[in-house]
Amino acid sequence: MSLTDTQRAIHAFLAERIEADGFAPSQAEIARAFGFKGVRAAQYHLEALEAAGIVERSPGRARSLRLLQLPGGPRQLDLPANDDALQLPVLGQVAAGVPIGADIGSEQMVLMDRALFSPTPDYLLKVKGDSMRDEGIFDGDLIGVHRTNEARNGQVVIARIDDEITVKLLRMGQGRIRLLPRNPDYAPIEVKPGQDFAIEGLYCGLVRPNA
């Protein structure tokens, strides 16, 4: 969803005020800061930011707005203490198809609810492809990754094969390691002897942007 210049400016204003004050400004304060004649204009722009998946509001609760995406990429916010909030970097793309190179540069920081994931993730990866669709993982999803080099048979893992990253179902047995898709249109990946292979982490939940 495309934002107007005013909505991008409000997004930046919200981030600055939350960083400075520990809580979001009221609609009246937003209206005054931007010269709106009333709070309805501020409400309209906040609704647009919410529809774009950038902020989240709790109806009926004053100053309950939370940022789900920070302006300007990976800048950190000094967020108020909240045991249920996780601020996670998006580290690039992971293939749900054939392996692709992973962009390890952080694209953005996202504030997420801890309850969406189990176990607790260390970072997010953006999915490219549909080979895990029967697992409920679709192209464009942000998946949580719990960083570990150990996994059990049958777990969905983020694996590295010769410096490429993919998300698949892990199958081990009879001296073989296979990475299975959850879409019959794709073939399993069998790890060959001598290949550089490692488990990078466990899949622990997802967020579907703008769903």
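Colleague: What percentage of the residues in the chain is buried?
Modeller: This is a predicted model. The chain has 211 residues. A residue counts as buried under 20% relative accessible area. By that cut-off, the buried share of the chain is 40%.

Colleague: What share of the contacts joins residues at least 24 apart?
Modeller: Take contacts between residues at least 6 apart in sequence. Of these, the share joining residues at least 24 apart is 60%.

Colleague: How much of the accessible surface belongs to carbon and sulfur atoms?
Modeller: The accessible surface of the chain is about 11,100 Å². The part that belongs to carbon and sulfur atoms is 48%.

Colleague: How is helix 2 set against helix 3: roughly parallel or roughly perpendicular?
Modeller: The axes of helix 2 (residues 27–34) and helix 3 (residues 39–51) come within 8 Å. They cross at roughly 100 degrees. Angles of 65 to 115 degrees count as roughly perpendicular. So helix 2 runs, relative to helix 3, roughly perpendicular.

Colleague: How many nonpolar residues are in the contact of helix 2 with helix 3?
Modeller: Helix 2 brings Gln-27, Ala-28, Ile-30 and Ala-31, while helix 3 brings Val-39, Ala-42, Gln-43 and Leu-46. By class, 2 of the contact residues are polar and none is charged. The nonpolar count is 6.

Colleague: Which residues of helix 2 are buried?
Modeller: Ile-30 and Ala-31 are among the residues that helix 2 brings to its contact with helix 3. The buried residues of helix 2 are Glu-29, Ile-30 and Ala-31.

Colleague: Is Gln-7 buried or exposed?
Modeller: Gln-7 lies in helix 1. Beyond four places in sequence, Gln-7 touches Ser-2, Tyr-44, His-45, Ala-48 and Leu-49. The cut-off for burial is under 20%. Gln-7 has 4% relative accessibility, so it counts as buried.

Colleague: How far apart in space are Val-110 and Leu-124, C-alpha to C-alpha?
Modeller: Val-110 lies in strand 5 (residues 108–113). Val-110 is buried, with a relative accessible area of 5%. Its contacts beyond four places in sequence include Leu-68, Leu-86, Val-90 and Leu-124. Val-110 and Leu-124 are 14 residues apart in sequence, and their C-alpha separation is 8.7 Å.

Colleague: What separation is there between the C-alpha atoms of Gly-97 and Arg-182?
Modeller: Gly-97 is in the loop between strand 3 (85–95) and strand 4 (100–101). Gly-97 counts as buried, at 10% relative accessibility. Its contacts beyond four places in sequence include Lys-128, Tyr-186 and Ile-189. Gly-97 and Arg-182 are 85 residues apart along the chain, yet their C-alpha atoms are separated by 9.7 Å.

Colleague: Which residues does the cis peptide bond join?
Modeller: Most peptide bonds are trans. Here omega is about -5 degrees. Pro-119 sits in the loop between strand 5 and strand 6 (123–128). The cis bond joins Ser-118 and Pro-119.

Colleague: What phi does Gln-174 have?
Modeller: Most residues other than glycine have a negative phi. Gln-174 is in the loop between strand 9 (164–173) and strand 10 (176–180). Gln-174 is exposed, with a relative accessible area of 80%. Although Gln-174 is not a glycine, its phi is positive, about 55 degrees.

Technical notes. Residues numbered from 1 in each chain as written. Predicted model: local features only at pLDDT ≥ 70, side-chain atom pairs only at ≥ 80, totals over all residues. Heavy atoms only, no water. Helix = DSSP H or I, 4+ residues; strand = E, 2+ residues; numbered from the N terminus. Buried < 20%, exposed > 50% of the residue type's maximum accessible area, 1.4 Å probe, protein only. Contact = heavy atoms within 4.5 Å. Axes fitted to C-alpha atoms, helices over the stretch in contact; angles between N-to-C directions. Parallel < 35°, antiparallel > 145°, perpendicular 65-115°, else oblique. Nonpolar A, V, L, I, M, F, W, Y, C, P; charged D, E, K, R; others polar. Areas by Shrake-Rupley, 256 points an atom, 1.4 Å probe, with all protein chains shown as cover.
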